[in-house]
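Colleague: I have a structure on screen and want to learn to read it feature by feature. Can you take me through it?

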Amino acid sequence: MIRKTLTAAVLALAALAMAQPSAADPLAKDVFGGARGPTGGAPVALGFYSKGCVSGAVQLPESGPTWQAMRLSRNRNWGHPELVSFLIGLSGAARQAGWPGLYIGDMSQPRGGPMVTGHASHQMGLDADIWLLPPQSLRLTPAQREKISSQSVVNKAGTAPSALWSGSHMAIIRAAARDPRVERIFIDPVAKVAMCQAATGDRSWLRKVRPIGGHDYHFHVRMTCPAGSACQQQDAPPPGDGCAEAAEWIRNRIDPSRVKPVPPDPNYRHPRSFRLSEMPRQCQVVATAR
């Protein structure tokens, strides 16, 4: 019954969109960004990480015994229940690594979808940014959470860990990567190489840890598509531990002349430019549901 109702709503919305002038087709980021709360019903992730949405999302509580959600004014502490459960569990594991807990950055909007600012992904309630700053307090006020910033664990040259990198960082990231619900983790290649050098025993978890720029002050966790969802799974990471790839990133930073320019993809469009009609049909329903 729910599926039939959703299908009927999708068809009705599609017919309405065809009958409306193009001016009535808003940017998806404005529609999803304007939704202050989630839809009801069972949790379902829809589409892809950079072109999707989430129905039945739940909110990570602003504070807990081992976590605090940051930048509350953004209203981005929402996600699929699997993500929320994972984050609460990982914040507890952070205590075992010597931290009081975790500062949780952006997750998703109440209904996912493209954001007015920031991320290209984080659209299905399955992505979360976790600060690399050990919490000094888990009783920050909302105002304090707007002002405080995370810390970089990489030196200014981008070639080696800063003095702030620690074994606790590695222990927390390793715990996240070993969770079977986690699809991959993004972090600066310097941190990846540091973990490659320190890891002993079973190193299989390193495969999930992928090097990427712009992630020296937080690490990005991406969950797999949960059961019952209608989302596209990302291709699996390449075989192996990925350590050589991360080291290559650093060599290219030291000597940029080694990097061959890659022509821009003429077909690429940033997700913030998508019109609502370009989103998956089910997401069009999610975005406009009352």
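**Reading the contacts**

Modeller: Start with one residue. Tyr103 has 1% relative accessibility, so Tyr103 counts as buried. Keep in mind that this is a predicted model.

Colleague: Which ring pairs with Tyr103, and how do the two planes meet?

Modeller: For ring pairs, look at the distance between centres, then at the angle between planes. Planes over 60 degrees apart count as edge-to-face. The centres of Tyr103 and Trp131 are 6.0 Å apart and the planes stand at 85°, so this pair is edge-to-face. Tyr103 belongs to strand 7 (residues 102–104) and Trp131 to strand 8 (residues 127–131), so the pair ties together parts 28 residues apart in sequence. Trp131 is buried too, at 8% relative accessibility.

Colleague: How many aromatic pairs does the count give?

Modeller: The count comes to 2. Phe48 and Tyr49 also form an edge-to-face pair, with 5.3 Å between centres and 75° between planes. Phe48 is partly exposed at 22% relative accessibility, whereas Tyr49 is buried at 0%.

Colleague: Where does Arg222 lie relative to Tyr49?

Modeller: Here you look for a charged group above a ring. Arg222 lies over the face of Tyr49, 4.3 Å from the ring centre. Lys51 lies over the face of Phe274, at 4.7 Å from the ring centre.

Colleague: Now the cysteines. How many disulfides are there?

Modeller: Find the sulfur pairs, then ask what each pair connects. This structure holds 3 disulfides. Cys53 and Cys283 form one of them, with sulfur atoms 2.2 Å apart. This pair links distant parts of the chain: Cys53 sits in strand 2 (residues 51–55) and Cys283 in helix 8 (residues 281–288), 230 residues apart. Cys53 is buried at 0% relative accessibility. Cys283 is buried, also with a relative accessible area of 0%.

Colleague: Why is the disulfide of Cys53 and Cys283 called left-handed?

Modeller: Read the torsion about the S-S bond. For Cys53 and Cys283 it is about -90°, so the disulfide is left-handed.

Colleague: What do Cys196 and Cys243 form?

Modeller: They form a disulfide, with their sulfur atoms 2.0 Å apart. Cys196 lies in helix 6 (residues 189–198) and Cys243 in helix 7 (residues 243–254), so the bond ties together parts 47 residues apart in sequence. The torsion about this S-S bond is about -90°, so this disulfide is left-handed. Cys196 is buried at 11% relative accessible area, and Cys243 is buried at 14%. Cys225 and Cys231 form a disulfide as well, with sulfur atoms 2.3 Å apart. Both Cys225 and Cys231 are buried.

Colleague: What pattern do the disulfides follow?

Modeller: Count the bonded cysteines along the chain. The pattern is 1-6, 2-5, 3-4.

Colleague: Which residue reaches the backbone nitrogen of Val190?

Modeller: Check the start of the helix. A side-chain oxygen of Asp188 comes within 2.9 Å of the backbone nitrogen of Val190.

Colleague: Last topic: how many salt bridges are counted?

Modeller: The count is 12. For each, look at the N to O distance and where the partners sit. Arg210 and Glu245 meet at 2.7 Å, N to O. Arg210 is in strand 10 and Glu245 in helix 7, so the pair ties together parts 35 residues apart in sequence. Arg210 is buried at 8% relative accessible area, whereas Glu245 is partly exposed at 35%.

Colleague: How far apart in helix 7 are Glu248 and Arg251?

Modeller: They are 3 residues apart, about one turn of the helix. Residues three or four places apart in an α-helix point the same way, because there are 3.6 residues a turn. The side chains of Glu248 and Arg251 meet in a salt bridge at 2.8 Å, N to O.

Colleague: Which residues are linked with Arg76 in a network?

Modeller: Salt bridges link Arg74, Arg76 and Asp106 in a network. Asp106 and Arg74 have their closest N and O atoms 3.1 Å apart. Asp106 is buried at 6% relative accessibility, whereas Arg74 is partly exposed at 41%.

How values were computed:
Residues numbered from 1 in each chain as written. Predicted model: local features only at pLDDT ≥ 70, side-chain atom pairs only at ≥ 80, totals over all residues. Heavy atoms only, no water. Disulfide = S-S within 2.5 Å. Helix = DSSP H or I, 4+ residues; strand = E, 2+ residues; numbered from the N terminus. Buried < 20%, exposed > 50% of the residue type's maximum accessible area, 1.4 Å probe, protein only. Phe/Tyr/Trp six-rings, centres within 6.5 Å; stacked < 30°, edge-to-face > 60°. Lys NZ or Arg CZ within 6 Å of the ring centre and 35° of its normal. Polar contact = N/O pair within 3.5 Å; in protein donor to acceptor, adjacent residues only side chain to side chain. Salt bridge = Lys/Arg side-chain N within 4 Å of Asp/Glu carboxyl O.
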